Amino acid sequence: MFSWKSKHVLPGFKITMGFTLVYLFLIVIFPLLGLGIKASAIGWTRFYEIASSPRVLASLRLSFGASAIAAIINVFFGLLVAWVLVRYRFPGKRVLDALVDIPFALPTAVAGIALTTLYSSKGWMGTWLSPFGIKVAYTPLGIIVALSFISLPLVVRSVQPVLEEFDPEVEEAAELLGAHRGQSFMQVLLPELTPAILTGFALSMARAVGEYGSVVFISGNLPMRTEIAPLLIVTKLDQYDYAGATAIAAIMLLFSFSILLGINLSQHWRRRRIAPALA
Amino acid sequence: MSAAATTNLSNKALTERFGRVIQRDPLWIRAGLIAVAVLYLAVLVLLPLVLVFAAALAKGIAACWSAITDPAALDAVRLTLFISFASVSLNLVFGVAAAWTITKFQFRAKGLLITLIDLPFSVSPVVSGLIFVLLFGAQGWFGPWLQTHDIKIIFAWPAILLATTFVTFPFVARELIPLMQAQGSDEEQAAITLGASGWQTFRHVTFPNIRWGLTYALVLCNARAMGEFGAVSVVSGHVRGQTNTIPLHVEALYNEYSSAAAFSVASLLALFAFATLGMKVLMERHLSRKARTQQFSTDDTFRSLE
């Protein structure tokens, strides 16, 4: 007899699934596998040699360090922006909300040249900062500014929906029971927001570590000082050092895949914990 | 007296009387937090955006116009339009097929498939370019074969198309999957039971439901395709007038110290980013209105039951 739960009520499973798998394989899996195979062909000793060379180490340290600092800055300000957008009413709120998405919509190269011009010694921000001895363009500080720019929406957009869902009455209850504002925020609200904040942090980190377009202009690209890992890949490619480029790329891929896996697992785990009966 | 009054107040009345007061932070906290948020976004986001247009017009509107209508710039615009159109079309077909397969059928390892579709988001743009160089470059797997057959992929438009398609791969599928999941497949099943063909069902039942989401996904995908820099920069070879997209042309102008010209061409991309955001705001307004009318109708249903 006919059953609504049957797989074949709707047509098109074979053709859409087939097309999805073939296209996914050709565009994504095959090229990524190619990189993996090329990387494993380098050999362990040579791979270690490349990865532990001072210039590569310096670039990885810079990329990860600057990304982590930018992600922390975004956790703080992202939480603040999300809070203001969800909880308060004020004129221009719509505009502020739209501004948050600009870093997604604006091409990275445009952001890169704009930030560089802004923070160079003759730029609008640069002239204002240089009397204090603060140099931003062509220093690691500039890299942090660019990475904060591009990863800004990630924390805000992770936290915002959770904050919107959160019922203020729970906070009110805590405050009626005698907690002051700071306590209800730290002990009632913050634990609820922590998973979203961590997801936003991880997404920011993953995005920032791989970022290229907005950073190459502002960083100055000095080897050992302001050379990020993606730029070193490009440099090695320009010198026809394919093994070197592949090795660095493999390290970065491994890192971003483990972040992706971590986010997926934690979401899976959370869903299990909240609704075990539904599974 | 006050104790008696309090006991008389129901929970609801208590919330009504004090709730808003408790929830509202003091004015100085509100004003302070709003000021910090506004200042942060103004300095970090608004200032660079304003600077793009100010620097574009730094040498006058005529110079700005001539930078945009320069033959090399027009070649870059033409290439970018072609690449983004082609990659968006490919990803549109894929996105619809993947969303159909994932949301209308039950099968094992669905979560894995969704994760695999998301993969390109977590790959650095530079690495996205590099993987195609490793496949099709002179040193790559297919390099020698391509050379003997005189087919150019790397440093030509096919590689730019491949890299752009890779980078924008998840956009359409990712936007459609939650949308179609939420809508379920009851309507489609009804259509099929009534004798509609698969294509008719998609065309007349599914498509009207996902029209807005699909349009938004295409705009988003297109914005990213037009603006992609890292991946394209690795595979393009930077031949002016031939393999330079708009972002690469901006880079070339900027590195030649013709900053006004660079910002003029960049302002095209910035305007396009504005259009994308406008589209997003429209889309969200549409969705929230739709959700509100649905909510009202369910509220009414419950009210009539009471």
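**A close look at one helix**

A: In this predicted model, H7(B) is mostly covered: 12 of its 12 residues are buried. The buried residues include Pro125(B), Ser128(B) and Gly129(B). Among them too are Val126(B), Val127(B), Leu130(B), Ile131(B) and Phe132(B). Val133(B), Leu134(B), Leu135(B) and Phe136(B) are also buried.

Next, the geometry. Helix H7 of chain B covers residues 125-136. At 1.5 Å a residue, its 12 residues should span 16 Å. The end C-alpha atoms are 17 Å apart, which agrees.

The largest nonpolar core has 155 residues, and Val110(A) and Leu130(B) touch the most other members. Domain 1 (2-49) and domain 2 (60-305) of chain B both give residues to this core, so the core lies between them. Leaving aside residues up to four places away in sequence, Leu130(B) touches Ile233(A), Leu237(A), Ala245(A) and Ala249(A) in chain A, plus Val234(B).

That leads to the contact between the chains. Chain A gives 74 residues and chain B gives 76. On the side of chain A that touches chain B, helix H1 (residues 13-41) of chain A supplies the largest share, 14 residues. That side of chain A divides into 55 nonpolar, 12 polar and 7 charged residues.

Last, confidence in the partner chain. Chain A has a mean pLDDT of 88, with 94% of its residues at 70 or more. Over residues 1-6 of chain A, pLDDT stays under 50.

Key:
Residues numbered from 1 in each chain as written. Chains lettered and ligands numbered in written order. Predicted model: local features only at pLDDT ≥ 70, side-chain atom pairs only at ≥ 80, totals over all residues. pLDDT = per-residue confidence, 0-100. Contact = placed C-beta atoms within 7 Å. Helix = DSSP H or I, 4+ residues; strand = E, 2+ residues; numbered from the N terminus. Expected span 1.5 Å × (residues − 1). Buried ≥ 20, exposed ≤ 12 C-beta atoms within 10 Å, placed from the backbone. Core = buried A, V, L, I, M, F, W, Y, C linked by C-beta atoms within 7 Å. Domains from an automatic or database assignment. Nonpolar A, V, L, I, M, F, W, Y, C, P; charged D, E, K, R; others polar.
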